[in-house]
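Please keep both in view while reading.

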Amino acid sequence: MDMGTGKTITTIALAGTLYHKHKVLKLLVVCPKSIVDVWDQEFGKFAAFNYSLAVLDGSSAKKADTIRYMIGNGLQVIVVNYESCWRLEAELTRWHPDMIVCDESSKIKNPQAKCSKALHRLGKISSYNLILTGTPITNSPLDFFSQYKFLDESIFGGSFYSFRAYYAILGGFQNHQIVGYKHLAELVEKAHSIAFRIRIDEAVDLPEFVEEVHPIKLEPNAQKIYDSIEKDSFAELMNGEITTRNVLTQLLRLSQITGGFVRNDDGDDAQQISKAKLDALEDVIDSCMEEGKKVIVFARFVPEIDAIARMLYKKNIGYALIKGDVKDRAEQVEAFQKNPDTKVFVGQLQTTGMGLTLTAGSVCVYYSLDFSYANYQQSMARVRRIGQTKRGVYIHLVCKDTIDEKVMGALRQKADVSKLLVDDYKKIIGG
């Protein structure tokens with residue numbers, strides 16, 4: 001199922017049905033770190049049945065204790081990221097899930113990876129296994145093997161080397177290089193025997209663009225800094241004159257932190273204190289690259305944009321970029337629109353919110369937002385406009401328990417946050 005076609009709600013409905021039939025009492029969801037809280041959010045929104053959900057976070061000991069003492073009414077659900085899953089294999093085995101879901105299952109396509117091996121073993125003790133992905137194959141048809149070994153070993157067998165010998169043509173140096181493939185019709189038939197496919201362009205019941213919020217949890221140290229500055233900001237406002245400018249100044253400081261950066265009072269270069277949003281964005285971009293989709297990223301602050309650019313450069317992903325000091329804006333837009341190697345457009349929200357056409361992209365990520373509904377609306381229109389032929393997704397990265405949630409809530413109500421500042425500042429800062 002492509003991004004935006006409802007993988008999560010479909011899975012929740014399936015798990016709920018099996019729970020009502022008394023076939024599943026314990027559900028394990030394994031997913032990339034950046035979307036563990038998405039599952040918590042989506043269960044809260046869609047699960048019309050009793051459940052108890054725990055997201056495994058904190059130290060290894062804390063995660064193990066959460067599994068060990070998992071209790072609650074209804075369907076018991078544990079959500080864990082891939083990296084932690086294999087480290088907690090013993091505890092998860094003792095917990096004995098009835099159903100296991102691997103979200104973005106291309107993460108286990110390497111049969112030799114520790115996480116893949118752990119999930120192959122865990123998959124044998126559960127009654128129901130499910131993988132969720134828009135792209136089970138990213139490099140070669142052999143990517144099917146490890147994911148299907150987790151699902152049902154009887155489909156392709158248990159030996160990767162036997163699987164490779166049957167479906168791959170070996171040659172080259174010492175006959176160890178894959179030079180082609182064979183029996184592909186049989187491979188496709190077997191793969192589709194337990195699968196179904198939904199492409200977003202074919203999902204006619206969906207709106208043209210689906211909106212998603214990905215809740216992000218700041219690292220403990222970053223959250224402490226945020227809480228401290230929020231407390232100081234509230235105290236400054238209570239002890240001084242309340243003006244729109246004063247409130248905006250304090251909100252600006254808080255918004256910079258959720259984006260991962262903080263400046264000291266001397267105005268020195270921004271110091272990076274969090275990578276939570278950057279890691280979440282990287283997961284989204286990885287998924288989009290696997291699905292062959294171009295991505296637009298809007299961010300408010302220059303340090304965020306520079307960090308995003310560095311990440312893309314390290315991953316060797318071609319990108320176009322517009323911020324305040326960029327002069328060749330037309331060339332940047334043209335590269336994104338016409339050059340197949342320019343996969344990502346990174347734009348400063350205030351600078352690129354109006355006048356540009358970015359219809360080559362079908363996924364738009366809001367890394368950070370300002371306080372203007374007009375800017376928000378204009379930026380959305382860069383993607384969803386005449387010339388757009390693809391259905392797509394708007395993804396909002398929102399840090400939990402921060403100003404991000406309040407700004408997102410106001411924008412969803414089509415309110416201009418700047419108009420709320422003076423009257424409702426206590427709800428925004430310290431509220």
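Two strands pair if DSSP finds at least two bridges between them. Helices (H or I, at least four residues) and strands (E, at least two) are DSSP runs, numbered from the N terminus. The structure is a predicted model, in which local features need pLDDT of at least 70 and side-chain atom pairs count only at pLDDT 80 or more, while totals for chains, interfaces and linings use all residues. Residues are numbered from 1 along each chain as its sequence is written, and side-chain values use heavy atoms, with hydrogens and water left out.

**The six-stranded sheet**

- An open sheet of 6 strands runs in the order β8-β15-β14-β11-β13-β12, with parallel pairing.
- Its edge strands are β8 (209-216) and β12 (318-322), each of which pairs on one side only.
- From one strand to the next, the twist averages 20° (axes are lines fitted to C-alpha atoms, for helices over the stretch in contact, and angles run from 0 to 180 degrees between N-to-C directions).
- Strands β12 and β13 pair in the parallel sense over 5 bridges, and Ile322 stands opposite Gly347 in β13.
- Helix α13 (residues 276-291) packs on the sheet, where it touches β8, β11 (295-299), β13, β14 (363-366) and β15 (392-399), and its direction makes about 165° with that of β15; contact means heavy atoms within 4.5 Å.
- Helix α17 (residues 373-380) lies across β8, β11, β14 and β15 and runs at about 160° to β14.

- Strand β15 is largely enclosed by the rest of the structure, because 8 of its 8 residues are buried (buried means under 20% relative accessible area, exposed over 50%, partly exposed in between, with a 1.4 Å probe and protein chains only).
- Gly392, Tyr394, His396 and Val398 point one way from β15, whereas Val393, Ile395, Leu397 and Cys399 point the other way, and all are buried.
- Strand β8 pairs with β15 in the parallel sense over 8 bridges, and Glu212 stands opposite Ile395 in β15.
- Strand β14 pairs with β15 in the parallel sense over 4 bridges, and the bridge partner of Val363 in β15 is Val393.

**Residue Gln348**

- Gln348 is found in strand β13 (residues 342-348) and is buried, with a relative accessible area of 11%.
- Leaving aside residues up to four places away in sequence, Gln348 touches Ala299, Arg300, Val302, Ile305, Ile322, Lys323 and Gly324.

- Strand β3 (residues 75-81) is mostly covered, with 7 of its 7 residues buried.
- Leu75, Val77, Val79 and Asn81 lie on one side of β3 and Gln76, Ile78 and Val80 on the other, and all are buried.
- Strand β1 (residues 26-31) pairs with β3 in the parallel sense over 6 bridges, and the bridge partner of Cys31 in β3 is Asn81.
- Strand β2 (residues 51-55) also pairs with β3 in the parallel sense, over 5 bridges, and the bridge partner of Val55 in β3 is Val79.

**The contact of α6 with α7**

- The axes of helix α6 (residues 114-125) and helix α7 (residues 144-151) come within 7 Å and cross at roughly 30°.
- That angle makes α6 roughly parallel to α7 (angles under 35 degrees count as roughly parallel, over 145 as roughly antiparallel, 65 to 115 as roughly perpendicular and the rest as oblique).
- Ser116, Leu119, His120 and Gly123 in α6 meet Ser146, Lys149 and Phe150 in α7.
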